[in-house]
Amino acid sequence: DTKLGKVVKRSGFKTELMEGSALISVRWVEGFRGVMNCLAKNAFAGFDFKLLPLIGSLIGMAACTLYPIYALLMGPPAARLLALGAFAGMILGAATIRRFANASPIFGLVYPVGCVLLITIIVNSVFLAYRQQGIMWRGTLYPLDELRRGVV
């Protein structure tokens with residue numbers, strides 16, 4: 001699905017996003033482990049199997065989402081004020097997403113937990129891709145070198 005979207009865009013076509021939960025439902029995965037495994041399959045692909053952008057993103061996620069916790073608890077007064085601003089931004093972000101999901105803006109305060117999970121998924125995705133020398137999907141191994149070249 002991600003690869004298809006990239007091929008469509010490279011071919012000069014446009015894609016659109018539609019909220020269609022009232023029209024159709026599909027069981028994506030089952031349980032927490034199912035979510036973690038499915039996302040791990042796709043996470044490295046989101047970075048075109050390139051380590052440098054991936055590492056930069058991990059550092060950025062940690063700085064924006066995890067550092068405010070440290071700053072709020074142990075930082076100097078100015079850092080604590082900035083950390084409060086970061087948490088206010090997380091709540092506002094969750095309030096904005098509320099248009100698509102029936103969730104409280106207070107869920108924005110669990111962004112750091114989500115960040116830790118996402119970092120775990122991404123690191124696991126890289127580990128699996130290198131260990132398997134590719135991505136396993138529905139019983140087929142897609143070799144990493146071919147994925148990087150865009151052959152598959």
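Q: Which residues does Thr-65 touch, not counting residues up to four places away in sequence?

A: Contact here means heavy atoms within 4.5 Å. By that rule, Thr-65 touches Met-90, Tyr-111, Pro-112 and Cys-115. One caution before we go on: this is a predicted model, where local features need pLDDT of at least 70 and side-chain atom pairs count only at pLDDT 80 or more, while totals for chains, interfaces and linings use all residues. Residues are numbered from 1 along each chain as its sequence is written, and side-chain values use heavy atoms, with hydrogens and water left out.

Q: Is Thr-65 buried or exposed?

A: Buried means under 20% relative accessible area, exposed means over 50%, and partly exposed is in between (1.4 Å probe, protein chains only). Thr-65 has a relative accessible area of 14%, so it counts as buried. You'll find Thr-65 in helix α3.

Q: How many helices and strands does the protein chain have?

A: Helices (H or I, at least four residues) and strands (E, at least two) are DSSP runs, numbered from the N terminus. The protein chain has six helices and two strands. Starting at the N terminus, the order is α-α-α-α-α-β-β-α.

Q: How does helix α4 compare with its expected reach?

A: The expected span is 1.5 Å times one less than the number of residues. Helix α4 covers residues 77-97, which is 21 residues, and it reaches 31 Å from first C-alpha to last, close to the 30 Å expected.

Q: Which residues of α4 are buried?

A: They are Ala-79, Ala-83, Phe-87, Met-90 and Ala-94. Looking down the axis of α4, these buried residues fall within an arc of 85°, so they line one face of the helix. The arc is that of the directions from the helix axis to the C-beta atoms. The cover over the buried residues of α4 includes α3 (51-74) and α5 (111-132).

Q: What sits on the face of α4 turned away from its buried side?

A: That face carries the exposed residues Pro-77, Ala-78, Leu-81, Leu-82 and Leu-92.

Q: How many salt bridges turn up in the whole structure?

A: Side chains of opposite charge can pair when their charged atoms come close. The cut-off for a salt bridge is a side-chain nitrogen of Lys or Arg within 4 Å of a carboxyl oxygen of Asp or Glu. A search of the whole structure gives two. One joins Arg-27 and Glu-30 at 3.9 Å, N to O, and both of these residues are exposed. Another joins Asp-145 and Arg-149 at 3.7 Å, N to O.

Q: Where do Asp-145 and Arg-149 lie relative to each other?

A: They are four residues apart in helix α6 (residues 144-149), so about one helical turn separates them. Asp-145 is partly exposed, at 46% relative accessible area, whereas Arg-149 is exposed, at 58%.

Q: Which residues form a nonpolar patch on the surface?

A: Patches are made of residues with over 30% relative accessible area and no salt bridge; like charges are joined within 9 Å, and nonpolar side chains (Val, Leu, Ile, Met, Phe, Trp, Tyr) within 5 Å. Here the patch is Phe-32, Phe-107, Val-110, Val-113 and Leu-117, with about 480 Å² of accessible area together. Those areas come from the Shrake-Rupley method with a 1.4 Å probe, and for residues only the protein chains shown count as cover. Phe-32 belongs to helix α2 (residues 31-43) and is exposed, with a relative accessible area of 54%.
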